[in-house]
Amino acid sequence: MPASSGLLPMPGSPSASWARYSARLASIVQNAEVSVLVAFWLFGLINNVLYVVILSAAQDLVGSDVPKGLVLLADVLPSFATKLIAPYFIDRVPYSIRIPFFALVSSAGMLILALTPPDTSVASKMVGIMLASLASGGGELSFLGLTHYYGHMSLAAWGSGTGAAGLLGAGLYVLLTDWLGFSVKNSLLASAYLPVIMLISFFLVLPRRVLREAAKAKDYQPLQEEGEDEAMSHPVDGTPAAHAASSLLAPDPAVAGAGAAPSDLSRDSFSRIGTQLRRAKSLFFPYMLPLFLVYVAEYIINQGVSPTLLFPLESSPFSELRDFYPMYGFLYQLGVFISRSSIAFVRVRHLYPASLLQVGNLVLLTLHSLLNFIPNVYVVFIIVFWEGLLGGGVYVNTFAGIMEDVPFSEREFSLGATSVSDSAGICIAGFVSMVMEVWLCNYQVQHGRDWCKKIEVG
């Protein structure tokens, strides 16, 4: 129920009213710790902005002869691998270590990408993209895990920040390259310094007393009083009292293994991984699958179809054919930002309808690329904006559902494990897009529309 979850109902539902939305806004301002909201908004912004800049620059990085799906794959495969594997062990690495590490790797990747000469082989550019991707994936599952300690509003701030990252990344790239005339190299070079903001947010802005208290709770071991030996040896409700006390004091079952023999620790580790795998399986249909579907559809649109959605320049607001692709990216990210920022006020509980609508967008735009029936680019602008609204809405409402429905003790793992779904969807979309863009472009050329072949490397 919205009242108990802290989230508001959909507009138009029987329980929705303007008074409730106004009260929520006032409650946020009065009760939320501003530093937490600012920190998580900046986490979402900086962790995702480089990913968006890279995708916005895809056309300039590889030109028209290389499918943009290749850039997408390099930008998501390391992230996908990180999200797939890391949730099962990364909780053993303190946030104060992993966040600086991911920031450093992210900056290194962007520096490699920016300083690689345009005439150098595509492979060297892919190295920089893959490093940035690895850092983004590790950062996402880490910051989503952090929301477990800071509550629903930290998730809302994170979602809004990730949406703003798309808007800023795509908009900034359009601004620098199209309107201000900056080179691709200088635009990418400037972005390499953005992860410093992430470090400032974590170490200086975020109140970390919650993390220190959680660490103390995990490290705490009860001391045995004199005369307790005999009492502690008798079971209570079938469980040895020592184990019962341990389970009450430790928030994570893994903590109970502290001080155990190596063989016991090994068994505990395998048991823990098995438990987490069962948890991940229970998340698949309600959360992972709809998130996966919406990302497959939207990224096939973005990387496989959008590069072929070209119109005569005289009927468009652009002077060059390369300008269509960054503008589509900007409008998509605008929709994502709006929908991801709405979670504190609007709650969508049924995820599958939005995912299927996104598949409908894919079918519509693919048919237009083949048959050229949409009258002008402005209609495509609206569809791409709608695509962003759907994608961002499914993303943030998926994690809001986990915050509401998953037991507290399983929530940190569940948030990180579910994040693999978007990367898995993007990976599948990347492979499909590599084939789809080439096929659509060749089809257009065969039917007298050769615009997709006239875009050069920036």
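Modeller: One aromatic cluster is formed by Y51, Y295, Y299, Y332, Y395 and F399, where rings of Phe, Tyr and Trp (its six-membered ring) pair if their centres lie within 6.5 Å, with planes under 30 degrees apart counted as stacked, over 60 as edge-to-face and the rest as tilted. The model is predicted, so that local features need pLDDT of at least 70 and side-chain atom pairs count only at pLDDT 80 or more, while totals for chains, interfaces and linings use all residues. Residues are numbered from 1 along each chain as its sequence is written, and side-chain values use heavy atoms, with hydrogens and water left out.

A cavity is, on a 1 Å grid over the protein atoms alone, a set of points where a 1.4 Å probe fits but cannot get out, and lining residues have an atom within 4 Å of a point. The largest cavity holds about 240 Å³ of space, a volume being the space filled by probe spheres set on the points, which are joined across faces, edges and corners. Helices α3, α5 (68-85), α7 (122-150), α14 (262-305), α15 (324-340) and α19 (420-446) each supply at least two residues of this lining, helices being DSSP runs (H or I, at least four residues) numbered from the N terminus.

Y299 belongs to the largest nonpolar core as well, where Y299, F40, F43, L146, L188 and Y328 touch the most other members among 111 residues. Such a core is a set of buried Ala, Val, Leu, Ile, Met, Phe, Trp, Tyr and Cys residues joined through side-chain atoms within 4.5 Å, and buried means under 20% relative accessible area with a 1.4 Å probe, protein chains only. Helix α3 (residues 34-56) gives the largest share of this core, 15 residues. Leaving aside neighbours within four places in sequence, Y328 is in contact (heavy atoms within 4.5 Å) with S306, L309, F311, V377, V380, F381 and V384.

Methods: Buried means under 20% relative accessible area, exposed over 50%, partly exposed in between (1.4 Å probe, protein chains only). On a 1 Å grid over the protein atoms alone, a cavity is a set of points where a 1.4 Å probe fits but cannot get out, and a pocket is an open set with protein on both sides within 12 Å along at least five of seven lines; lining residues have an atom within 4 Å of a point.
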